[in-house]
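Thanks for coming, everyone. Let me put the structure up, and then we will go through it piece by piece.

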Amino acid sequence: MSQKVLLSAKEINIILHRLACQLIENHLDFKNTVLIGIQPRGIFVAERLKKLLKEEYKVKDIKLGYLDITFYRDDFRRGEKILEANKTKIDFLVEGKNVVFIDDVLYTGRSIRAALTAIQSFGRPNEIELLTLIDRRFSRNLPIQPDYRGRQVDAINQEKVKVMWKENDGEDKIYLISK
Amino acid sequence: MSELSVNHLLGIKYLKAEDIQLIFETTDHFKEVINRPIKKVPSLRDITIANLFFENSTRTKLSFELAEKRLSADVVNFSAGQSSVKKGETLIDTVNNILSMKVDMVVMRHPNPGAGVFLSKHVNASIINAGDGAHEHPTQALLDTYSIREKLGDVSGKNVVIVGDILHSRVALSNIFALQLQGAKVKVCGPKTLIPKYIESLGVGVETNLRKALEWCDVANMLRVQNERMDISYFPSTREYTQQFGVNKVLLDSLDKEIVIMHPGPINRGVEITSDVADSKQAIILNQVENGVAIRMAVIYLLASKIKQ
């Protein structure tokens, strides 16, 4: 097993700034926009972006929710692993809102498919966009593409992208691990 | 832990403390789901569940059916009253006939104790016991202890008294197991005639004075007198029972602390508890019903995830 650093803390920070700017271009004051972090790993990206938008770009009111997709996945009873749920925390209705899904790695697209179904339980959004820090192109199982992407990676299927965050894993770093 | 140690839910007796912990954590998630504007998740799209009720039930049957539907399972219902059981068919035959229609899971209520265990040994499906005679009613005990945990923060270290007809109650036995497994102390209270002779061998205290029992406890679980199961007279009159073992507001207010009142339903208002107690803030009877759906969703979900494709 070997691993190489895909992005350092500094690079991640630059990318997050760019993503924040791109979000502002499209959503300006975030009046009708809500951010949804996809559990379990998307919430770290979402929290960072929220903090950036608030502190660096002075966006006043940002609504952020966590969406757990466990009960909407299409691999229930199909894998070896038993699926474990995480907390969903959405204190607002998404009816008529512009929703931005935020996740760390976009791989097969199946999580996002599940998230598209799950979010319907909270109303009918006006539109849904997808922001992902790492986009593993060429490995999609479904016709799903991000609207905002941090970095595109051409990883083959046996490889794994590991995203680490200071608040959870001790450091900001993204690794590409090959078996 | 992310998997139950059992393939069926036949009784609390067969569960470990970690199983209950896992069921409660999963219930937390489903409780959030059933409070959404749209209360349905698609997890069990490819699972079919048969609800076999060989004995009357409203609450439990509705609760199970709602739980199954909120998980998107396909549901078939069966009541003994309108079935071939009356024509002399055996239990195994009835269930195997239903299973050959490709059913994955069976929820069963049966008047005979051990019916679920018996079935689990002979048919190829996941079995959930929804009450077997005066034996066990595991989902009721799970939702009762979940409601205590929700109200008081923890079950461990709490004193719980179960009041009423212990002899004929499956709720009592399952509750005793579930409470002890989670570290609570249990006493039963009721007329001597309605308390099983060897109940103390389960580590349960017996108290025949209701006031003393209430002074001791944090939670009182009030059971109904099951007249339909009584072939002989166990106490002189309902009025006398109420005087001795009925909880009313005056009695509750005279205690020096506020205790939690639970009831598994159906309530006989004015017999085991008065209306003003049942409708008071101390009663969590309707919370129990709400939690029942979430608990059953969790149990069904966790058992279904163990069914091989």
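Which residue in β8(A) is the bridge partner of A:Val163? It is A:Ile174. Before I go on, some ground rules. This is a predicted model, where local features need pLDDT of at least 70, side-chain atom pairs count only at pLDDT 80 or more, and totals for chains, interfaces and linings use all residues. Residues are numbered from 1 along each chain as its sequence is written, while chains are lettered from A and ligands numbered from 1 in the order in which they are written.

Chain A, then. Strand β7 of chain A covers residues 160-164, and strand β8 of chain A covers residues 173-178. Helices (H or I, at least four residues) and strands (E, at least two) are DSSP runs, numbered from the N terminus. β7(A) and β8(A) run antiparallel, joined by 5 bridges. Two strands pair if DSSP finds at least two bridges between them.

Now the faces of β7(A). A:Val161 and A:Val163 make up the covered face. A:Lys160, A:Lys162 and A:Met164 make up the uncovered one. In a regular strand the side chains alternate between the two faces of the sheet.

Widen the view. β7(A) belongs to an open sheet of 3 strands, in the order β1-β8-β7, with antiparallel pairing. The edge strands are β1 (2-7) and β7 of chain A, each pairing on one side only. On average, neighbouring strands here are turned by 30° against each other, direction ignored. For such angles, axes are lines fitted to C-alpha atoms, for helices over the stretch in contact, and angles run from 0 to 180 degrees between N-to-C directions.

The cut-offs: buried is 20 or more other C-beta atoms within 10 Å, exposed is 12 or fewer, and partly exposed is in between, with C-beta atoms placed from the backbone. A:Arg151 touches A:Leu7, A:Ile15 and A:Ile134, leaving out residues up to four places away in sequence. Touching, or contact, means C-beta atoms, placed from the backbone, within 7 Å. A:Leu133 lies 18 residues from A:Arg151 in sequence, and 6.3 Å away in space, C-alpha to C-alpha.

Over to chain B. Here an open sheet of 4 strands has the order β2-β1-β3-β4, with parallel pairing. Its edge strands are β2 (74-79) and β4 (126-132) of chain B, each pairing on one side only. The twist averages 15° from one strand to the next.

Take β1 of chain B, residues 48-53. It is mostly covered, with 5 of its 6 residues buried. β1(B) pairs with β2(B) in the parallel sense over 6 bridges. Strand β3 of chain B, residues 105-110, runs parallel to β4(B), and 5 bridges join them. There, B:Val106 stands opposite B:Ile127.

Next, helix packing. Two packed helices are described by the angle between their axes and the distance between the axes. Helix α5 (residues 138-152) and helix α6 (residues 170-181) of chain B pack at about 50°, with axes 8 Å apart. They are therefore oblique to each other. Angles under 35 degrees count as roughly parallel, over 145 as roughly antiparallel, 65 to 115 as roughly perpendicular and the rest as oblique. α5(B) passes α6(B) in a right-handed crossing. Right-handed means the near helix is turned clockwise from the far one by less than a right angle, and left-handed means anticlockwise. Among the contact residues are B:Leu142 of α5(B) and B:Phe177 of α6(B).

The second pair is helix α2 (residues 59-70) and helix α11 (residues 285-304) of chain B. They pack at about 55°, with axes 8 Å apart. So α2(B) and α11(B) are oblique too. Their crossing is right-handed.

Last, the interface. The contact takes 16 residues from chain A and 15 residues from chain B. On the chain B side, 6 are nonpolar, 6 polar and 3 charged. Nonpolar means Ala, Val, Leu, Ile, Met, Phe, Trp, Tyr, Cys and Pro; charged means Asp, Glu, Lys and Arg; the others, Gly among them, are polar.

Notes. Contact = placed C-beta atoms within 7 Å.
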